[in-house]
Amino acid sequence: MLVVMSVGATEEQVQEVVRHIEADGLTPHESRGEQRVVIGVVGDVGLRKEQVMSHLAVLPGVDSVTPISKPFKLTSRDFHPADTVISVAGTTIGGGSLTLMAGPCSVESRDQMLRTADAVAAAGATILRGGAFKPRTSPYSFQGLGMDGVRFLVEARERTGLPIITEVMEPSQVEIVALHADILQVGARNMQNYSLLMAVGRTERPVMLKRGLSATIEEWLMAAEYIVSSGNPNVILCERGIRTFETYTRNTLDLAAVPLLHRLTHLPVIVDPSHATGKRWLVPPMALAAVAGGADGVMVEVHPDPDDALSDGEQSLTLEQFSDLAPLLRQIHGEVAGMATRPR
Ligand code: PEP
Ligand code: MN
């Protein structure tokens with residue numbers, strides 16, 4: 001439920017409401033707007049709901065108490081009307097900025113990582129990606145370089161200044177990877193790995209949560225809710241296509257998810273046209289469409305020699321293709337900034 005304080009409610013009144021919520025065994029989350037304070041209440045009230053609501057409604061300074069019917073709470077716009085803006089090592093994600101994440105599907109070697117990093121940095125990427133722990137469909141495929149891969153990413157960050165994002169596949173990897181990476185990625189196959197969600201929720205690092213292969217938007221937001229309710233408010237959602245009956249593309253890119261998510265949640269939304277389409281030539285048009293549709297950025301796979309890549313070569317852009325695409329993305333972003341791409 002949501003406790004909306006009156007305009008002009010005093011700090012003592014806000015704290016009194018907070019005390020009552022805690023005394024009921026529930027957790028308050030304060031959100032301070034320009035005009036008034038809104039307190040989101042989470043916890044399992046069960047049959048006590050009516051009683052708790054009417055009890056809070058009569059406290060001094062309370063304007064209204066409304067139930068939230070959506071199952072996601074901390075991630076919903078109702079609880080937190082302002083956009084979440086995430087700052088990572090000198091760049092911001094969300095709140096009107098354009099995030100360009102680029103890099104190879106897998107970190108394959110020091111040379112491959114550094115060449116890619118130099119090129120995407122020169123083209124204006126804002127975050128460097130690279131998979132070190134790879135969730136592969138086949139156990140016989142390249143599984144990633146593990147911590148050696150993370151070390152090459154760190155070296156690439158030192159050279160370029162770009163923050164790095166890499167995937168964690170299980171809770172035991174979270175602590176060590178979080179020591180080095182600026183953003184942790186939870187992959188599509190792990191979207192409902194609840195112990196992993198809680199583990200990344202306990203770190204200080206922002207987390208990018210990819211949409212599950214067959215996840216509804218509600219299931220996806222409930223997965224994000226696990227991370228936020230574990231203590232980490234800095235979650236980025238990444239639409240990467242979902243499984244449908246279509247076979248010409250690897251997945252079906254659900255671009256309507258972008259404005260829909262902006263209406264439902266305050267979290268930034270990134271689109272990954274590489275995994276969504278599986279085809280290199282489809283990546284630029286879909287990346288542009290994503291930005292035109294209000295996405296906070298894109299994540300694109302880039303490789304110096306895609307035809308020889310150890311993973312996802314067919315969907316990876318060449319270094320030149322990325323440097324041609326980046327200015328177009330910035331141009332489209334400039335055109336749509338301020339347009340009504342975010343219906344509320
Ligand atoms: C990736 O980004 O490299 C990846 C494995 O993506 P997804 O989890 O979306 O398949
Ligand atoms: Mn990939």
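Which residues coordinate the manganese ion (ligand 2)? Select the manganese ion (ligand 2) in this predicted model, and you find Cys105 (SG), His275 (NE2), Glu301 (OE) and Asp312 (OD) coordinating the ion at 2.0 to 2.4 Å, where donors are N, O and S atoms within 2.8 Å of the metal (3.2 Å for Na, K and Ca) and water is not among the atoms, so sites may look incomplete. Residues are numbered from 1 along each chain as its sequence is written, and chains are lettered from A and ligands numbered from 1 in the order in which they are written. In this predicted model, local features need pLDDT of at least 70, side-chain atom pairs count only at pLDDT 80 or more, and totals for chains, interfaces and linings use all residues, while side-chain values use heavy atoms, with hydrogens and water left out.

Next, select Ser106, which sits in the loop between strand S7 (99-103) and helix H3 (110-123); helices (H or I, at least four residues) and strands (E, at least two) are DSSP runs, numbered from the N terminus. Ser106 is buried, at a relative accessible area of 1%, buried being under 20%, exposed over 50% and partly exposed in between (1.4 Å probe, protein chains only).

Then move to ligand 1, whose surroundings include Lys134, Ala188, Arg189 and His275. A polar side-chain atom of Lys134 lies 2.9 Å from an oxygen atom of ligand 1, and a polar side-chain atom of Arg189 lies 2.8 Å from an oxygen atom of this ligand. Finally, select Ala188, where a backbone N or O atom lies 2.8 Å from an oxygen atom of ligand 1.

Conventions:
Near = heavy atom within 4 Å. Polar contact = N/O pair within 3.5 Å; in protein donor to acceptor, adjacent residues only side chain to side chain.
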